[in-house]
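Subject: Handover of a structure for your review

Dear colleague,

Please find the structure below, handed over for your review. The notes that follow it set out what was found.

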Amino acid sequence: MEAPDWLVPLHAQLQERRDPWMLLEGQAMIEAALAGWWEVPGVIQAEDHPWEIPLWSGLEVQRLPQAELAALGNPERHGGVIALAKQPQETAEVGAYVKKVLAADALLVVCPRATDAAGAGELVRLAAGAGAAAVLFGVEGASPFEPDAVAASAGDVFKLPVKVADAGLILRSLMAGKVHLVGLGGSDAAPIKAPEGRRAVVVPGQEGLDAFWKRVCDQLTSASLAVALEALVVKEDK
């Protein structure tokens, strides 16, 4: 029997992750991707793995002995089941997304440069928990689609629009969209000011914001990401 085409990019992702493909490790991660309507063409499953893959998923399954699967990816994380996923196709550029797709009072999180994948995933998890509309990442930082990032997001990367683009393009799009930028990592502990009639954008810097982003922010605060998000959400709900 001829091997399916999706096995080639899956094995390539085990060596180095490249867009638009993404490696899914573990049953929970695969189920989260399916629930988020990501394209998942196939799964490699250990012969003794108990997961009964739902028929509605349409997944093509390749079964291997547990010993062979243990040599692939992170066995402690995947536990005997690995899949390949494809990021949803962008329906618009970041600029059009910010100006036309998002609601006028949307809350965004923008990370110009994520320093590590796990931190990027944690950022997505916090943003989703706070009710943010989307998270935008600069292309030069760690990818939010790395396995460590996906694991740290607790599946929220599949629930929330997560986009990656040039940080300069993101900033130009934000400014054209009339947003209120709240930068984290400043020395000011003053209360965070929620915008009136403008989209709020929280800009965290995992190692501090650079001077350029600090200059363009409407407000700099020493508050944590969680505190900033909560302040803006509470203000908007009043």
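Strand β6, residues 134-138, pairs with β7 in the parallel sense, and 4 bridges join the two. Please bear in mind throughout that this is a predicted model. One of the bridges can be named at residue level: Gly138 has Ala165 in β7 as its bridge partner.

The loop between α7 and β7 deserves a separate look. Ala154 is placed in this loop. Its phi is positive, about 55°, although Ala154 is not a glycine. With a relative accessible area of 54%, Ala154 is exposed.

How many aromatic pairs does the count give? The count comes to 2 aromatic pairs. One of them is formed by Trp38 and Phe158, with 5.0 Å from centre to centre and 85° between the planes, an edge-to-face arrangement.

The buried residues of α2 are Met29, Ile30, Ala32, Ala33 and Leu34. These buried residues pack against β1, β2, β4 (81-86) and α7. After α2 comes Trp37, which has a positive phi near 65°. Trp37 is a residue other than glycine, and its place is in the loop between α2 and β2. Is Trp37 buried or exposed? Its relative accessibility is 74%, and Trp37 therefore counts as exposed.

Pro20, Asp19 and Gln87

The peptide bond from Asp19 to Pro20 is cis, and its omega is near 0°. Pro20 is found in the loop between α1 (7-15) and β1 (21-25). Which residue lies 67 residues from Pro20 along the chain, with 5.5 Å between the C-alpha atoms? That residue is Gln87, located in the loop between β4 and α5 (94-101). Gln87 is buried, at a relative accessible area of 16%.

The side chains of Gln87 and Asp19 are joined by a polar contact of 2.7 Å. Beyond its neighbours within four places in sequence, Gln87 is in contact with Arg17, Asp19, Pro20, Trp21, Trp38 and Phe145.

Helix α8

In α8, which spans residues 167-176, the buried residues are Ile170, Leu171, Ser173 and Leu174. Viewed down the axis of α8, the buried residues fall within an arc of 165°, and they therefore line one face of the helix.

At the N-terminal end, α8 is capped by Asp166, with a side-chain oxygen 2.9 Å from the backbone nitrogen of Gly168. Following α8 is Lys178, with a positive phi near 55°.

Ser173 is the residue of α8 that can be described in some detail. At 5% relative accessibility, Ser173 counts as buried, because the cut-off for that class is under 20%. A polar atom of the Ser173 side chain lies 2.8 Å from the backbone oxygen of Leu169. When residues up to four places away in sequence are not counted, Ser173 touches Val94, Gly95, Val98 and Lys99.

Yours sincerely

Key:
Residues are numbered from 1 along each chain as its sequence is written. This is a predicted model: local features need pLDDT of at least 70, side-chain atom pairs count only at pLDDT 80 or more; totals for chains, interfaces and linings use all residues. Side-chain values use heavy atoms; hydrogens and water are left out. Buried means under 20% relative accessible area, exposed over 50%, partly exposed in between (1.4 Å probe, protein chains only). The arc is that of the directions from the helix axis to the C-beta atoms. A polar contact is a pair of N or O atoms within 3.5 Å; within protein, one must be able to donate a hydrogen and the other to accept it, and residues adjacent in sequence count only if both atoms are side-chain atoms. Rings of Phe, Tyr and Trp (its six-membered ring) pair if their centres lie within 6.5 Å; planes under 30 degrees apart count as stacked, over 60 as edge-to-face and the rest as tilted. Contact means heavy atoms within 4.5 Å. Two strands pair if DSSP finds at least two bridges between them.
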